[in-house]
Amino acid sequence: WYQRRVRGNMVPPEKFECVTIYFSDIVGFTAISSLSKPMEVLDMLNDLYTVFDTCIEKYDCYKVETIGDAYMVVSGLPVRNGDRHAAQIALMSLDFLLCLKTFVISHLPEKKLNIRIGMHSGPVVAGIVGKKMPRYCLFGDTVNTASRMESNGEAEKIQMSCQSYDILSNHGGFIIEPREGLVDMKGKGKQQTYWLQGVEKDLNTANPRQFTDQTALLKRESNSQFYSDIDNGKKNSVQQIAKSPQPDDLVNLNNLNHVDSKNHKVHLNNKEFQ
């Protein structure tokens with residue numbers, strides 16, 4: 001759409017019958033901001049969302065926008081991908097939580113950064129809004145519901161709607177548990193929601209963009225293993241500084257050690273980059 005707009009062509013709005021939308025925000029962002037200078041807040045968000053932006057490249061997902069500490073992603077548009085959108089968002093969300101295991105706030109290294117994640121599947125209308133700095137925007141109740149899934153969630157958890165649950169259940173391979181009790185959501189009433197816990201142990205493809213109900217992202221012994229593997233074997237000494245990360249270094253952010261925004265360095269695959 002961007003190239004069409006640059007050439008002066010109109011980009012008509014388009015309806016998508018079913019996509020999956022992701023929202024997240026930082027838990028305790030106001031408290032962290034109160035302990036930080038404005039430039040430090042900016043550096044923290046830039047570090048975090050640079051990690052997320054790179055991680056998204058592994059999935060069939062489209063980053064819509066960031067607003068403050070909020071992060072919005074969609075799968076299933078602008079290019080339709082059948083019924084793979086919920087699985088793509090689910091795998092991406094799990095990967096984000098994995099990346100946070102080793103993320104370090106450069107000016108508050110002792111403070112752990114947590115996010116809340118919500119996802120919901122449904123129809124949307126997408127189109128370009130504005131002429132100066134035009135934006136590709138999504139409209140519809142699906143957007144509002146996905147936002148409610150996030151705002152009514154909990155730290156370090158991925159909350160999903162019944163619609164996303166149904167799609168992932170048809171795929172198989174995901175560990176999902178119902179949330180205890182109904183959740184009273186503003187403008188939605190009481191809703192049954194679900195927690196995405198992880199992936200089954202026999203899911204083993206290295207290419208999540210090609211995920212189907214027979215294959216998935218990771219090979220793990222259990223859900224707890226999914227989250228604990230990154231904590232092991234990451235304490236090796238940092239090697240000689242390279243000028244920039246190589247393509248192989250960017251493929252798997254499970255190898256991310258930490259981001260040091262203060263010194264403008266990234267530790268990846270136990271190598272240090274400026």
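I started with a tally: the protein has 8 helices and 13 strands, where helices (H or I, at least four residues) and strands (E, at least two) are DSSP runs numbered from the N terminus. This is a predicted model, in which local features need pLDDT of at least 70, side-chain atom pairs count only at pLDDT 80 or more, and totals for chains, interfaces and linings use all residues. Residues are numbered from 1 along each chain as its sequence is written, and side-chain values use heavy atoms, with hydrogens and water left out.

I checked burial next: 47% of the 274 residues count as buried, meaning under 20% relative accessible area, with exposed over 50% and partly exposed in between (1.4 Å probe, protein chains only). Then contacts, i.e. heavy atoms within 4.5 Å. Taking those between residues at least 6 apart in sequence, 67% join residues at least 24 apart.

**Cores.** I looked up the nonpolar cores, sets of buried Ala, Val, Leu, Ile, Met, Phe, Trp, Tyr and Cys residues joined through side-chain atoms within 4.5 Å. The largest has 44 residues, and those with the most contacts inside it are Tyr22, Ile26, Phe52, Met92, Leu113, Leu168 and Phe174. Helix 4 (residues 85–100) gives the most to this core, 11 residues. A second, separate core has 16 residues, including Val11, Leu138, Val143 and Ala146.

I followed up on Tyr22. Skipping residues up to four places away in sequence, Tyr22 touches a list that includes Phe52, Tyr71, Ile89, Met92, Phe96, Ile115 and Ile117.

**Helix 3 on helix 4.** Helix 3 (residues 38–56) packs on helix 4 at an angle of about 140°, with the axes 10 Å apart. Axes here are lines fitted to C-alpha atoms, for helices over the stretch in contact, and angles run from 0 to 180 degrees between N-to-C directions. That angle makes helix 3 oblique to helix 4; under 35 degrees counts as roughly parallel, over 145 as roughly antiparallel, 65 to 115 as roughly perpendicular and the rest as oblique. I noted the crossing as right-handed, i.e. the near helix is turned clockwise from the far one by less than a right angle, anticlockwise being left-handed. Helix 3 brings Leu48, Val51, Phe52, Cys55 and Ile56 to the contact, and helix 4 brings Met92, Asp95, Phe96, Cys99 and Leu100.

**Two buried residues.** Ile117 sits in strand 4 (residues 115–129) and counts as buried at 0% relative accessibility. Its C-alpha is 6.2 Å from that of Gln159, 42 residues apart along the chain. Beyond four places in sequence, Ile117 touches Tyr22, Leu97, Met149, Lys157 and Gln159, among others.

Tyr49 lies in helix 3 and is buried too, with a relative accessible area of 7%.

Most residues other than glycine have a negative phi, and most peptide bonds are trans. I found a cis bond from Leu77 to Pro78, with omega near 0°. Pro78 is in the loop between strand 3 (70–75) and helix 4. Glu156 has a positive phi of about 60° although it is not a glycine. I placed Glu156 in the loop between helix 5 (141–151) and strand 6 (158–160), partly exposed at 39% relative accessibility.
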